[in-house]
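Please read these points with the structure open beside you.

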Amino acid sequence: MLVKLCGFSEVNSLKSAIEQGCDFIGFIFYDKSVRNVAISKAIEISKIIPQAISRVAVVSDAKDEFLEEIATKFKPNYIQFHGNETLE
């Protein structure tokens, strides 16, 4: 089983997740969420994540421009869509 832990915005809880051996670390990029994190903050704190752990950008109904910004600046391994997105 693979485990994803998500909603990180500070280093201490992120370190704990890493120590527990999770497979994926998720960052919420949705301004209506209490777990929302700025791209710059996610970049800063994710520097401690080992390469063996994948970084996931979690979005909800994000505009294409914002997805492009996340992809080019944060460079996640995966993007998780958690809204009403369509295949188009």
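The numbered points below go through the core and then the ring pairs.

1. Keep in mind that this is a predicted model. The largest nonpolar core has 19 residues. Those that touch the most other members are Leu 14, Ile 25, Phe 27, Phe 29, Ile 49, Ile 70 and Phe 74. At least two residues of this core come from each of α1 (11-19), β2 (24-28), α2 (39-46), β3 (54-59) and α3 (64-74). In soluble globular proteins, nonpolar side chains tend to be buried together.

2. Ile 70 deserves a look. Leaving aside residues up to four places away in sequence, Ile 70 touches Phe 29, Ile 39, Ala 57, Val 59, Lys 75 and Pro 76.

3. A search of the whole structure turns up three aromatic pairs. One of them joins Phe 27 and Phe 74 edge-to-face, at 5.3 Å centre to centre with 75° between the planes. Phe 27 belongs to strand β2 and Phe 74 to helix α3, so this pair ties together parts 47 residues apart in sequence. Phe 27 counts as buried because its relative accessibility is 0%, under the 20% cut-off. Phe 74 is also buried, at 2%.

4. Phe 29 and Phe 74 have ring centres 5.4 Å apart and planes at 65°, so this pair too is edge-to-face. Phe 29 sits in the loop between β2 and α2, and Phe 74 in helix α3, 45 residues apart. Phe 29 has 3% relative accessibility and therefore counts as buried.

5. Which residues form one aromatic cluster? They are Phe 27, Phe 29 and Phe 74. Arg 55 lies over the face of Phe 74, 4.3 Å from the ring centre.

Notes:
Residues are numbered from 1 along each chain as its sequence is written. This is a predicted model: local features need pLDDT of at least 70, side-chain atom pairs count only at pLDDT 80 or more; totals for chains, interfaces and linings use all residues. Side-chain values use heavy atoms; hydrogens and water are left out. A nonpolar core is a set of buried Ala, Val, Leu, Ile, Met, Phe, Trp, Tyr and Cys residues joined through side-chain atoms within 4.5 Å. Buried means under 20% relative accessible area, exposed over 50%, partly exposed in between (1.4 Å probe, protein chains only). Helices (H or I, at least four residues) and strands (E, at least two) are DSSP runs, numbered from the N terminus. Contact means heavy atoms within 4.5 Å. Rings of Phe, Tyr and Trp (its six-membered ring) pair if their centres lie within 6.5 Å; planes under 30 degrees apart count as stacked, over 60 as edge-to-face and the rest as tilted. A charge sits over a ring if NZ of Lys or CZ of Arg is within 6 Å of the ring centre and within 35 degrees of the ring normal.
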